[in-house]
Amino acid sequence: MKYVSVTEVVRRIKDDLQSDYRLQSIAMEGSIIGLKRASNGHYYMNLHDETCSIRAILFRSRVGHSMDGVREGDQVVVIGAINVYEKGGTVSFIIEKLFARGVGTLQQQYEKIKKELYEKGYFAPEHKKNIPRFPWTVGVLTSATGAVLHDIHKIAAERNPYVEIRLFPVPVQGAGAETVIARTLEKAGKDRNLDVLILARGGGSMEDLWCFNSPQVVQAIYDAQVPVITAIGHETDTTLADYAADVRAATPTHAAELAFPDFEEIQMDLAAMADQAYQSVILHLDRLERELGRTVAALQTRRYDAFLSMKDESVSQLVRLARQHLDLKLTREAGRLQALKASLSAMNPALLVRKGYGQLEQGGHVLKDIRSLEQNQLLTIQLLEGTILTEIKEVTIHGSDKRKTKKL
């Protein structure tokens, strides 16, 4: 049975809760009970209604004037997100905004835009792309002068210096920032040379992060062909860009850890895979060796040795007969070859010349018939040592009294 650690279980719970967009950036109404202010300036409380209660925290950096006049038992509206404290294994509601009355106008706009984009399917899980395991080029959309870029470079250098970083500088707050972000995202999202995009900025108020709630930015993230990781604000800040992103990171540092695979871990993985492959080969060879042993035992090798010996004798006999047949055939063919050589030698003109014969030519033609002689032309006699040129004085054709003569 395989066991997992408590840490792994708690982290799974945390990941599941924080990946559920319904539990991020929630506007919730309840009454305060157990209100305490810690020495570090944080506020701890429980928010409850008629049936349920949840632990809530308002960090000092978010307090501002929101707690002025707030007392135990007051009815409040809070905006924030669910978080899991790993060390204690507790679920808490991290408060970003606290209102003693009603809901702010900006939050109302946020909820309205969120509802519209959700209904259009921009946050649908099935549309999200996986982050590649081994990226080569990572595009970063952030301010060129902020600490975010420094943090990303630092993590990249520590984890994997072989991955290239391409900066796309954009404004991260202020009027018109959403237009520049959306236009840059649209361009970078079509760049096939990029493996991952990180859209990041540091923390800030809801007003500071408002450009990342723009439908333009959400549309650009949704249309991007390159996977997008967002890391906007603090861990408790959730913008609409985070809902549209393929992966939402808690911080820019976390985004860099997701985008840049640790080179040492890769080496360890490769070593583990090589060892696993080696063990698999050894096991496979062992299995084949056992199968071979069983097969040899089943074959009864002594009987097969006798069978093969008999077959070997039979093959040897066939080889001897074949060799005898070949020798006989070669002897016959050698006799035929000698006869053919003798016949060819008899027809050799040089031999005939040595016996006193010569070749007669007249007018450039070899004479084969005595009747083709012309008395008025010279006759050439071709011998082995040379050529004789002569005139024809008299021709006698055997079997006829007719004579052809020519006086010199």
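At 59% relative accessibility, R336 counts as exposed, where exposed means over 50% relative accessible area, buried under 20% and partly exposed in between (1.4 Å probe, protein chains only). The side chains of E333 and R336 meet at 3.4 Å, N to O; a salt bridge here is a side-chain nitrogen of Lys or Arg within 4 Å of a carboxyl oxygen of Asp or Glu. Because E333 and R336 are three residues apart in helix α10 (residues 301–346), about one helical turn separates them. Helices (H or I, at least four residues) and strands (E, at least two) are DSSP runs, numbered from the N terminus.

This is a predicted model, in which local features need pLDDT of at least 70 and side-chain atom pairs count only at pLDDT 80 or more, while totals for chains, interfaces and linings use all residues. Residues are numbered from 1 along each chain as its sequence is written, and side-chain values use heavy atoms, with hydrogens and water left out.

By the salt-bridge rule the count comes to 14. Three of these pairs are tabulated.

| Salt bridge | N to O distance |
|---|---|
| R11 and E86 | 3.2 Å |
| D246 and K129 | 3.6 Å |
| E333 and R336 | 3.4 Å |

R11 is partly exposed at 45% relative accessible area, and E86 is partly exposed at 32%. Salt bridges that share partners join R11, K14 and E86 into one network.

The pair of D246 and K129 links distant parts of the chain, 117 residues apart. D246 is in the loop between α7 (240–244) and β10 (247–248), and K129 in the loop between α3 (105–119) and β6 (137–142). D246 counts as buried, at 11% relative accessibility, whereas K129 is partly exposed, at 23%.

For the chain as a whole, the secondary structure comes to 11 helices and 16 strands. The radius of gyration is 52 Å, whereas a compact globule of 408 residues would have one near 22 Å; the radius is taken over C-alpha atoms, and the globule rule is 2.2 Å times the number of residues to the power 0.38. The C-alpha trace spans about 165 × 75 × 40 Å along its principal axes. Of the 408 residues, 32% count as buried.
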